[in-house]
Amino acid sequence: MKLYIYEHCPFCVRARMIFGLKNVPVELQVLLSDDFQSPERMIGEKMAPILQKDDGSYLPESLDIVDYVDNNYAGNPILIGDRSANIAELIKQLQQYDYKLVCPRYIKLGLAEFATQSAIDYFVTSKKEKMGSFDQCMAQTDALVAEVLTVLNKLELLIISPEACNGQLSLDDICLFPVLRNLTCVKSLVFSSKIKAYIQSMAKRSKVDLFFSKAI
Ligand SMILES: N[C@@H](CCC(=O)N[C@@H](CS)C(=O)NCC(=O)O)C(=O)O
């Protein structure tokens, strides 16, 4: 199977996780951020992730990909834990910081989807309407980090184990880890040891890289 992704995309990380967690081999192919043609040819719109199945057909939508792999590969499903409404609420709150805190950093991390200037230009222009200039967002880092920390303090109380936030792997891990992983590109954001342990354990088991070493 082949998975088309953007490295920065939290939805793509969801799809990558299930392959890592179940040890199912997959070829990763990073799309350029301004490549409309490839995704439109595969699924009729510009959107990632896209899974190309073994039969050559294409499956979009991160949670559909997770469900497909979990139910059809490498034995019994592993995402069998209950979900938590409290975790879901905190994920929603953390997702709001993807724009102002994390997007301006993505283009500086050397990610494959931003390998060309036109790919960077497309990304910056497409986000401008929702978030203003990237430089203005970077200047708000301290205030945004303080806000994120208040959410992370609540999350800390809910994480039961570094192996699975609710104690047993569930879709909450598939939705929570990608959001935390992307926050690892914010240099001044210091995670508590409990949350850091969760991030590092999930990264290892999912085989998804973190951004700590290139954080800005
Ligand atoms: N509901 C979709 C959302 C995927 C999504 O929003 N992907 C973004 C990247 S983070 C995308 O491809 N946006 C189009 C673009 O970048 O132009 C899923 O879960 O797969």
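When I speak of a helix this morning, I mean a DSSP run of H or I that covers at least four residues, and the helices are numbered from the N terminus. With that in hand, I can tell you that Lys207 is found in the segment after helix 10, which covers residues 193-206. Please keep in mind throughout that what we are looking at is a predicted model.

Let me stay with Lys207 for a moment, since its backbone deserves a look. Most residues other than glycine have a negative phi, and most peptide bonds are trans. Lys207, although it is not a glycine, has a positive phi of about 60°, and with a relative accessibility of 52% it counts as exposed, because exposed means over 50%. Asn23 is also not a glycine, and its phi is positive as well, at about 55°. You will find Asn23 in the loop that runs between helix 1 and strand 2 (27-30), and at 58% relative accessibility Asn23 counts as exposed. As for the peptide bonds, the one from Ala48 to Pro49 is cis, with an omega near 10°, and Pro49 sits in the loop between helix 2 (37-43) and strand 3 (50-52).

Which residues of helix 6 are buried? They are Ala119, Ile120, Phe123 and Met131. If you look down the axis of helix 6, these buried residues fall within an arc of 95°, and therefore they line one face of the helix. On the face of helix 6 that is turned away from the buried side, we find the exposed residues Gln117, Thr125 and Glu129.

How many of the 13 residues of helix 9 are buried? Twelve of them are, and helix 9 is thus mostly covered; the buried residues include Asp172, Asp173 and Arg181, along with Ile174, Leu176 and Phe177.

That brings me to the empty space in the model. Rolling a probe the size of a water molecule over the atoms shows where empty space is left. The count comes to one cavity of 30 Å³ or more, and the largest cavity holds about 40 Å³ of space. By class, five of the lining residues are nonpolar, one is polar and one is charged. Where does the largest cavity lie? Domain 1 (2-72) and domain 2 (85-214) both give residues to its lining, so the largest cavity lies between them.

The largest pocket has about 700 Å³ of space. Of the 29 residues lining the largest pocket, those closest to its centre are His8, Cys9, Phe11, Met47 and Lys127. Helix 1, helix 4 (85-95), helix 5 (97-106), helix 6 and helix 9 each supply at least two residues of the lining, with the largest share, five residues, coming from helix 5. The lining of the largest pocket divides into 17 nonpolar, six polar and six charged residues, and it draws at least three residues from each of domain 1 and domain 2.

Leu158, which is found in helix 8 (residues 141-158), is partly exposed, with a relative accessible area of 27%. Leu158 and Ser84 are 74 residues apart in sequence, while their C-alpha atoms are 9.2 Å apart in space. Asp70, for its part, has its place in helix 3 (residues 62-72), and at 4% relative accessibility Asp70 counts as buried, because buried means under 20%. Asp70 and Asn166 are 96 residues apart along the chain, and 18 Å separate their C-alpha atoms.

Note on methods
Residues numbered from 1 in each chain as written. Predicted model: local features only at pLDDT ≥ 70, side-chain atom pairs only at ≥ 80, totals over all residues. Heavy atoms only, no water. 1 Å grid on protein atoms, 1.4 Å probe; cavity = no way out; pocket = protein on both sides within 12 Å on 5 of 7 lines; lining within 4 Å. Points joined across faces, edges and corners; volume = space filled by probe spheres on them. Nonpolar A, V, L, I, M, F, W, Y, C, P; charged D, E, K, R; others polar. Domains from an automatic or database assignment. Buried < 20%, exposed > 50% of the residue type's maximum accessible area, 1.4 Å probe, protein only. Arc of directions from axis to C-beta.
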